[in-house]
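Dear colleague,

I am passing on the structure we spoke about, with the sequence alongside. Please have both open while you read the notes that follow.

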Amino acid sequence: MARTTELRFDVGAHGKTSGAVYRAADPVGATLVFAHGAGAPRTHPFVVGLAKKLAARGVDVVTFNFLYAEAGRRAPDRVELLETCWRAAIAKVRARTGLETSPLFVGGKSMGGRIATRVAGAKEGLVIDGVVCVGYPLHPPGKPDVARAEILSVDLPLLVVQGTRDAFGGAAVLKKYLRRRANARVVAIEDGDHSLEVPKRAERDALAEAADAIATFVKRLVKEGGA
């Protein structure tokens, strides 16, 4: 069973926030820093559940709160501050002793993944080995022509786990959008919505399917030495 410990770190002069480390019982030697979506903090069952399932599959996971979530506010911070928080989280993980941080992957649920793509695309001296997006918000619901194109700036190995019923852009839409990106792979969660929830009649653990895809992605890169 994975061990979980808490951590805290500064986000420059903007304040402090918290995070959690989910240590794998049998680690593969890689860490994923995973950010929450716009509407819920790192303690949301989706984030906690996915982190535990990944740790059970050998991937160490670090989650964290953006500053607005740490303060209990509903409205997300401006994009620049979200990016600053992401960079501070990466720096904290890199500096933490006892945690394997090379290779290091970044990613997140919805907005958390979107901001991860911005940070990974900009680089700015950061050493990042891959990006994982779960429910990437390609466009606002009902506005397919308003594409959030940050994901195209990522030239690292990229995995997108997307529900086929995602109102922010289903798996088929993401595959088409990323079809010319040789570094990108889209894994479809059949009948999954933006939170990968599937109809109860399906009797499937979609979160486990997502964890399987992410763990396979990470392990392959570790084995190939491509991360």
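In what follows, two residues are said to touch, or to be in contact, when heavy atoms of theirs lie within 4.5 Å. Please keep in mind that this is a predicted model.

With that cut-off, and not counting residues up to four places away in sequence, Val131 touches Phe105, Val106, Thr117, Ala120, Val154, Leu156, Pro157, Leu158, Leu159 and Phe217. Val131 also belongs to the largest nonpolar core, which has 43 residues, and it is listed among those with the most contacts inside that core, together with Phe64, Phe66, Trp86, Leu158, Val160 and Leu178. Helix 3, which covers residues 79–95, gives the most to this core, with 8 residues.

On the side of helix 3 the contact is made by Val79, Leu82, Glu83, Trp86, Arg87 and Ile90, and on the side of helix 4 by Met111, Gly112, Ile115, Ala116, Arg118, Val119 and Ala122.

Tyr136 is placed in the loop between strand 6 and strand 7 (158–163), and it is buried, with a relative accessible area of 0%. Leaving out residues up to four places away in sequence, Tyr136 touches Arg114, Thr117, Arg148, Glu150, Ile151, Val160, Gln162, Phe168 and Leu174. For Ile151, the backbone nitrogen lies 3.4 Å from a polar atom of the Tyr136 side chain. The C-alpha atoms of Tyr136 and Gly170 are separated by 9.1 Å, although these residues are 34 apart along the chain.

Finally, there are two loop residues to check in the backbone. Glu124, in the loop between helix 4 (111–122) and strand 6 (130–134), has a phi near 50 degrees, a positive value in a residue other than glycine. Leu196, in the loop between strand 8 (184–189) and helix 6 (206–224), likewise has a positive phi, near 65 degrees. Which of the two is buried and which is exposed? Glu124 is exposed, with a relative accessible area of 56%, whereas Leu196 is buried, at 3%.

With best wishes

Methods. Residues are numbered from 1 along each chain as its sequence is written. This is a predicted model: local features need pLDDT of at least 70, side-chain atom pairs count only at pLDDT 80 or more; totals for chains, interfaces and linings use all residues. Side-chain values use heavy atoms; hydrogens and water are left out. Helices (H or I, at least four residues) and strands (E, at least two) are DSSP runs, numbered from the N terminus. Buried means under 20% relative accessible area, exposed over 50%, partly exposed in between (1.4 Å probe, protein chains only). A polar contact is a pair of N or O atoms within 3.5 Å; within protein, one must be able to donate a hydrogen and the other to accept it, and residues adjacent in sequence count only if both atoms are side-chain atoms. A nonpolar core is a set of buried Ala, Val, Leu, Ile, Met, Phe, Trp, Tyr and Cys residues joined through side-chain atoms within 4.5 Å.
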